[in-house]
Amino acid sequence: MKKIELAICAFAVLFAPAFVGTSAAQSATWTATSSPVQATIAGGPWTLSQGGSATTGGAYDGPTPYCTPGNSAGGTALVNPTSTVNTFNPFYFPFVVGSGLSVKGYFDYRPKNINEAVVAATSNDAGKTWTFQQMVEQLTTECPSGDSNTASSGGNDDGEGHPSIISFGGTTWLYTLNRSTPHVDSDGLIVHSILPRGVNALNPLPLNSPLMQPPTANIIAGWNFNGVTGTQLTPAPSTNHSSGTVAAKSLGMTNGYTYSTTPATIGSVDGSNVTKTTLSSDPSGTAAHNIGPNNNEAWRVVGVGLTGSQATGTAGTGNGWNLSAPPCTQGAEFDVDTTGYHYIVFQYDWYTTAQGVRDLQALYTTDGSTWTPVGPIQVSGGGTTFNNQITINFHALGITGVENNSHFGVRLVSVYDPDFIGSPAYSIPSGGTVCSAGATGIYTAASLATNDQPVVYNNNSGNWRFDEVNVLGTAGNTNPITSDPIVNTTGLVNPDGLLAVVPNTYPIQVLYISKTLNADYVPPTVYPACPASIPNGNFNDDVEVVRIATTTNFINFADITPFNTPQFPSPGANTPIQMVNGLSDPSTTSYSGIRWISGNGTLIKLSNGNWGLFFGGGNCLDGDSDAFHAIMYAESNGSDLTNWTVINGINNPIASIATVTGTDPQTSQSVTIPSSTPVVCQVASCTSNTLPWFSGRVYAPQAIVTGTGAVSLVFAGYDAGFQASPRDYSSYRNIGQVNLSVGNVTLP
Amino acid sequence: MAKLTLTAAILSLGAAFILTTPADAGPINLTLPGGYYDSPSGYDFVSTFPPAGSTTIGTFTFSIPAGELVTGMTISGSFGNGDNGTTALSDYYLGYSGNETAVEVAGCDNIAADCYSGQNGPYSWAYTLTSADLSTLASAIAGGSLDFTYTWDNNTVVQIPGDLQYVYAGDPTLAIQVSPEPASVFMCLGGLAGLAALRRFRRV
């Protein structure tokens with residue numbers, strides 16, 4: 001017996017590590033070690049407390065108004081010296097970099113209906129107190145005309161928001177969201193390269209955003225294709241201030257190539273036309289009450305390509321786009337006489353179908369016959385989506401030969417894909433360009449394969465479309481564009497902002513928020529609608545998911561998000577869509593679910609092998625895709641950033657807005673949300689599971705690692721009074737801080 | 001009695017000297033006058049390339065107290081600083097005129113490392129000089145001057161036209177450990193003993 005017992009013990013000793021080691025990695029358990037406090041800022045622009053304690057806000061006529069002298073006298077926007085310390089509002093969407101006590105933060109400064117700007121500040125106590133460094137990219141220099149400064153009285157705060165940073169190899173890139181209509185959640189993020197130097201933390205960005213410029217003041221010629229139908233091989237411009245030739249034409253759609261139909265089709269005839277396509281930057285075409293997404297005319301470049309059995313083998317009915325076409329020979333051309341104009345800028349919206357060619361190169365000419373590549377290869381964001389307002393600022397690039405030139409033109413043409421791994425291999429001859437006769441490679445399709453790799457273009461379908469094509473310049477020799485021209489990311493699909501940047505990766509990986517406005521009714525995202533929100537009765541039909549993308553140059557991104565299926569159909573099975581799994585479900589109507597997620601979260605690598613993610617989110621209770629119901633926490637499945645498990649969700653959050661009770665739309669049960677005490681209320685004297693200054697909204701958590709088991713969480717919140725009617729303007733967009741600790745995992 | 005008293009006093013002084021002179025006088029901590037460093041120029045490694053050779057960030061100047069030796073040296077700093085939490089690929093040295101890269105003390109050599117692609121820098125580094133390192137720098141140490149320099153790595157992986165990469169370095173701290181020279185101690189004790197013996201001899 002003893003020998004058997006000994007054998008059993010030996011067996012257990014030998015294999016115990018194996019038995020223990022095979023259990024799942026333990027997820028982090030967070031506890032609060034301080035009460036949340038509102039942060040302060042020394043110096044900087046006007047803050048809410050300076051307007052006084054009245055619910056009107058006092059920006060116009062408070063004790064210290066937004067402008068000096070203020071009131072009807074207007075004046076100059078206030079800039080506080082660093083000796084003046086105020087509560088840190090109205091700022092939100094913090095993005096904090098660094099660890100320990102000394103950190104730097106980037107904030108969205110946004111006094112309601114008055115202005116919006118990006119502000120940088122530093123802290124030496126991990127985010128409780130801040131010192132202003134610099135403000136840039138402000139939307140306006142105007143003073144408010146009233147405390148509420150409503151839109152009808154000229155108020156506007158839709159500038160550049162949601163700042164986020166990528167730091168890489170001694171370079172720094174700032175990304176902002178263009179909130180202006182119709183660019184918000186449609187255009188790529190605005191990309192700024194910054195060179196921080198001391199207090200000039202946002203050097204060399206200007207104080208004023210280019211969004212401050214009237215967008216149409218300087219159009220020499222442009223095409224919006226509105227009110228145009230049918231076949232359009234050479235569409236006329238919708239705006240023309242040029243004194244000479246202005247023309248557009250398709251390229252390469254009439255050809256003798258062989259198309260991959262069965263039997264083969266020989267030849268194609270240009271069939272370019274105008275067709276309705278959703279979500280360009282064209283402001284017209286939005287349906288009444290914003291029920292549907294904007295869906296207005298765009299110019300489709302394609303061969304005649306008859307459909308069905310007529311196309312198969314019928315001569316001349318090819319799709320136009322073909323693998324046999326040399327690079328830079330297929331696409332579109334826009335010619336604009338710029339005589340008398342300087343500081344030339346070319347902007348366009350570019351759409352590909354899923355099978356359309358993935359890569360576009362812009363070319364320009366100064367003599368009408370020699371075409372030179374300009375700017376990087378543009379990469380489609382996966383097909384069936386616009387890349388909006390891609391911008392070429394010729395003067396900023398040092399190309400002045402296009403100014404005052406009757407032969408100026410731009411071609412937007414297909415080129416081989418440098419990302420394709422296969423044969424023929426991609427190469428450019430020495431001293432050549434992507435257009436060189438000796439260039440090798442192949443065209444690929446906009447939509448990637450299931451392994452996220454490009455696939456060869458199918459040689460018989462797919463097309464490109466263009467909208468809002470504009471050539472801008474000034475008649476006088478003055479630069480209308482600020483020193484910071486708008487450059488947008490490509491490849492991110494309807495980005496609302498970055499959620500987190502994955503460290504130590506190249507290509508650099510990012511998690512980002514993709515928000516498609518009013519898409520609940522539009523296949524493939526037909527989801528159960530939320531009932532009216534509690535307590536303000538709002539509705540929202542935006543579809544918002546987290547996606548993952550990579551970039552090698554900070555401007556052009558490739559979306560590599562896998563397909564996952566939202567769980568709740570309306571009616572019938574849902575179609576798989578590209579979204580990371582496990583964080584949110586855009587089809588849930590449950591008050592305990594997460595329907596929407598907001599940007600500016602934090603990713604932390606944990607000792608258990610998982611990634612931890614602090615993020616903000618919301619659901620039908622809020623009726624708002626701004627996703628501000630709670631700060632939550634999730635962990636990845638090992639190193640896989642596309643599969644997550646929510647650890648602290650809506651009902652057991654890190655922090656929450658005030659308790660809400662209602663009947664759950666999905667279960668029809670009466671629920672109280674959150675059902676558990678939020679983590680921050682373990683220490684704080686919460687009322688209704690919250691504190692006043694974030695009782696209305698709470699989101700954008702920035703976790704600063706201050707020890708192997710501790711973080712300082714900097715976040716944003718609104719008082720519930722801001723959500724009420726009439727609105728309380730005295731406490732919103734507050735920056736706050738709380739200390740959290742974790743004992744069962746180690747932080748980097 | 002007076003002679004004995006004098007002898008006792010001399011020996012007491014010697015004992016007091018031995019008892020009160022610490023075996024290690026404590027580090028001399030130095031920082032550079034300029035503080036943190038941002039390279040004035042950046043390079044994209046496509047059409048612009050950094051200079052070969054080293055660039056001096058600053059010079060540590062110090063004087064070793066008479067009768068003391070340098071017994072150790074540690075230098076610490078950060079990749080990245082308050083302006084930018086990352087840096088271009090680069091290596092850092094202590095050196096002197098004629099050999100500015102005498103001793104390598106830190107390096108950011110991998111684009112996957114935090115120093116290059118971490119998102120929450122700056123990232124600290126520290127290096128304790130070996131005996132061989134101290135020997136290499138002996139003449140400079142004796143002269144009370146050490147240059148803190150860096151060289152650029154040639155980045156053959158991340159090459160983005162127009163995307164200029166800069167070197168960002170945090171304010172370095174040089175800690176010099178010093179101790180009294182052993183010969184000095186013995187000479188002092190020997191002198192005291194000699195005085196004591198002389199006094200006894202005279203009495204005799």
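Mentor: One term before we start: two strands pair if DSSP finds at least two bridges between them. And keep in mind that this is a predicted model.

Trainee: Fine. Which residue stands opposite Ser167(A) in β12(A)?
Mentor: Thr172(A) does. β11(A) and β12(A) run antiparallel, joined by 7 bridges.

Trainee: What sheet are those strands in, and in what order?
Mentor: An open sheet of 3 strands, ordered β11-β12-β13 in chain A, with antiparallel pairing.

Trainee: Why is one side of β11 and of β13 left without a neighbour in the sheet?
Mentor: Those two stand at the edges, and each has a single partner strand, so one side of each stays without a neighbour. β13 covers 190-194.

Trainee: How far are neighbouring strands turned against each other?
Mentor: By 25° on average, with direction ignored.

Trainee: Domains next. Where are the bounds in chain A?
Mentor: Domain 1 is 37-213 and domain 2 is 219-474. Their C-alpha centres lie 38 Å apart.

Trainee: What does each domain put into the contact between them?
Mentor: Domain 1 of chain A gives 6 residues and domain 2 gives 7 residues. On the domain 1 side, that is 4 polar, 1 nonpolar and 1 charged.

Trainee: What about β3 of chain A? Which strands does it join?
Mentor: Take β10 to begin with. Strand β3 (residues 40-45) runs parallel to β10 (residues 129-136), with 3 bridges. Thr40(A) stands opposite Thr129(A) there. β3(A) also has 5 bridges to β6 (residues 79-87), and those two run antiparallel. In that pair, Pro45(A) is opposite Val79(A).

Trainee: Now the core. Which residues touch the most other members of the largest nonpolar one?
Mentor: The core has 124 residues, and those with the most contacts to other members include Val119(A), Val546(A), Leu613(A) and Ile631(A).

Trainee: What is Val546(A) in contact with, leaving aside its neighbours within four places in sequence?
Mentor: Among them are Leu499(A), Leu511(A), Ile513(A), Met579(A) and Ile597(A). Ser584(A) is on that list too. A further core, of 53 residues, lies apart from the largest one, with Trp299(A) and Tyr341(A) among its members.

Trainee: You named Leu613(A). Is its strand, β36(A), mostly covered or mostly open?
Mentor: Mostly covered: 8 of the 8 residues in β36 (residues 611-618) are buried. Trp611(A), Leu613(A), Phe615(A) and Gly617(A) point one way. Gly612(A), Phe614(A), Gly616(A) and Gly618(A) point the other way.

Trainee: What does β36(A) pair with?
Mentor: With β35 (residues 596-605), antiparallel over 7 bridges, and with β37 (residues 630-637), antiparallel over 6 bridges.

Technical notes: Residues numbered from 1 in each chain as written. Chains lettered and ligands numbered in written order. Predicted model: local features only at pLDDT ≥ 70, side-chain atom pairs only at ≥ 80, totals over all residues. Helix = DSSP H or I, 4+ residues; strand = E, 2+ residues; numbered from the N terminus. Axes fitted to C-alpha atoms, helices over the stretch in contact; angles between N-to-C directions. Domains from an automatic or database assignment. Contact = placed C-beta atoms within 7 Å. Nonpolar A, V, L, I, M, F, W, Y, C, P; charged D, E, K, R; others polar. Core = buried A, V, L, I, M, F, W, Y, C linked by C-beta atoms within 7 Å. Buried ≥ 20, exposed ≤ 12 C-beta atoms within 10 Å, placed from the backbone.
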